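Let's take a walk through a protein fold together. Have the sequence and the 3D view open side by side.

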Amino acid sequence: MSTGLESLHAALQLIGHSDTQLIQTLSLSLAVSGAACLCASALGLALGAALATSRFAGQRLVILALNTLLALPSVLVGLLVYLLLSRSGPLGSWGILFTPSAMVMAQTLLVLPVVVVLTRQVTADALQEGDDTLRSMGASAFRRAMLMLLHQRWAVLTVVLTAFGRAISEVGAVMIVGGNIDGVTRVMTTSMALETSKGDLPLALAFGLLLLATVACVNLTIFWLRAWGERVARASASTGTGTGTGTSPFTNTLTR
């Protein structure tokens, strides 16, 4: 017990003194996971909305496959990206293996199913309220999808932050494609694994506390955005009822 308390005390001292290694590793973690989250969101939001607004043969199989990929092991993603980027792989000429770019690529593939599945669900729920209105006004499937994303923007932000939390907390993929090179590809999760194996428990615990604090900030932001979105929605509904206009928010958006 005393060893644990001593390690915790030393870890808090490292954080309190803004240890250079901690700051560098935290910065790289945020940069890699943030870039991966943006890349996955740019593609995943559009795909998820398209899945909710369109109908095609085999759609249920696609949705089932995406739901299965939610449990995709990070080490498997890392292995696949490693095979793609290795010298003998199809993308070996890029020369980005064991660089932050390879780590961004791996994390993007890891969180992409999360963004697609959650966006599809958010859009499908919104369609229950406004799809008939938009169809009656002649909106195409693409435009309905974009309007749904706009209307559910607070939920979309929640999806993006959820993907970020998944990315920054994984270790397997970045360990394989990044190589855990000091000062180059070493992030918080891989640093924790390394320092624990070396017996430097205070430093490993410091990385763990920083990671926990980062994830907690993400969750608090998600909670705040949900609460804010609900307040905005209630205020809009109250204003619409009070004025007696009864105008649908989808109609207002479409006619702008």
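A word on ground rules before we set off. This is a predicted model, so to speak of local features a pLDDT of at least 70 is needed, side-chain atom pairs count only at pLDDT 80 or more, and totals for chains, interfaces and linings use all residues. Residues are numbered from 1 along each chain as its sequence is written, and side-chain values use heavy atoms, with hydrogens and water left out.

How many helices and strands does the chain have? The secondary structure comes to 11 helices and zero strands. Helices here are DSSP runs of H or I with at least four residues, strands are runs of E with at least two, and numbering goes from the N terminus. Of the chain's 256 residues, 40% count as buried. Buried means under 20% relative accessible area, exposed means over 50%, and partly exposed is in between, with a 1.4 Å probe and protein chains only. Now for contacts, where contact means heavy atoms within 4.5 Å. Take the contacts between residues at least 6 apart in sequence: 75% of them join residues at least 24 apart.

Some single residues let you see this sort of link. Find Gly44, which sits in helix α2. Gly44 counts as buried because its relative accessibility is 0%. Leaving aside neighbours within four places in sequence, Gly44 is in contact with Leu112, Val115, Val116 and Thr119. Along the chain, Gly44 and Leu118 are 74 residues apart, yet their C-alpha atoms are separated by 9.3 Å.

Next, look for Leu127 in helix α5, which covers residues 100–136. Is Leu127 buried or exposed? Its relative accessibility is 11%, so Leu127 counts as buried. With neighbours within four places in sequence set aside, Leu127 is in contact with Ala52, Thr53 and Met148.

Val77 belongs to helix α4. At 3% relative accessibility, Val77 counts as buried too. Not counting residues up to four places away in sequence, Val77 touches Leu72, Ala106, Leu109 and Leu110. The C-alpha atoms of Val77 and Ile176 are separated by 9.2 Å, and these two residues are 99 apart along the chain.

Now a detail of the backbone. Most residues other than glycine have a negative phi. Phe98 is not a glycine, but has a positive phi of about 65 degrees. You'll find Phe98 in the loop between α4 (74–85) and α5, and at 35% relative accessibility Phe98 counts as partly exposed. Asn180 has a positive phi as well, about 55 degrees, and is not a glycine either. Asn180 is in the loop between α8 (172–178) and α9. With a relative accessible area of 10%, Asn180 is buried.

Ser191 lies in helix α9, and its 0% relative accessibility is why Ser191 counts as buried.

How do α2 and α9 meet? The axes of α2 (residues 20–53) and α9 (residues 188–198) come within 8 Å and cross at roughly 135 degrees. That makes α2 oblique to α9. For the terms, axes are lines fitted to C-alpha atoms, for helices over the stretch in contact, and angles run from 0 to 180 degrees between N-to-C directions. Angles under 35 degrees count as roughly parallel, over 145 as roughly antiparallel, 65 to 115 as roughly perpendicular and the rest as oblique. On the α2 side, Gln21, Thr25, Leu26 and Ser29 meet Met188, Ser191 and Glu195 of α9.
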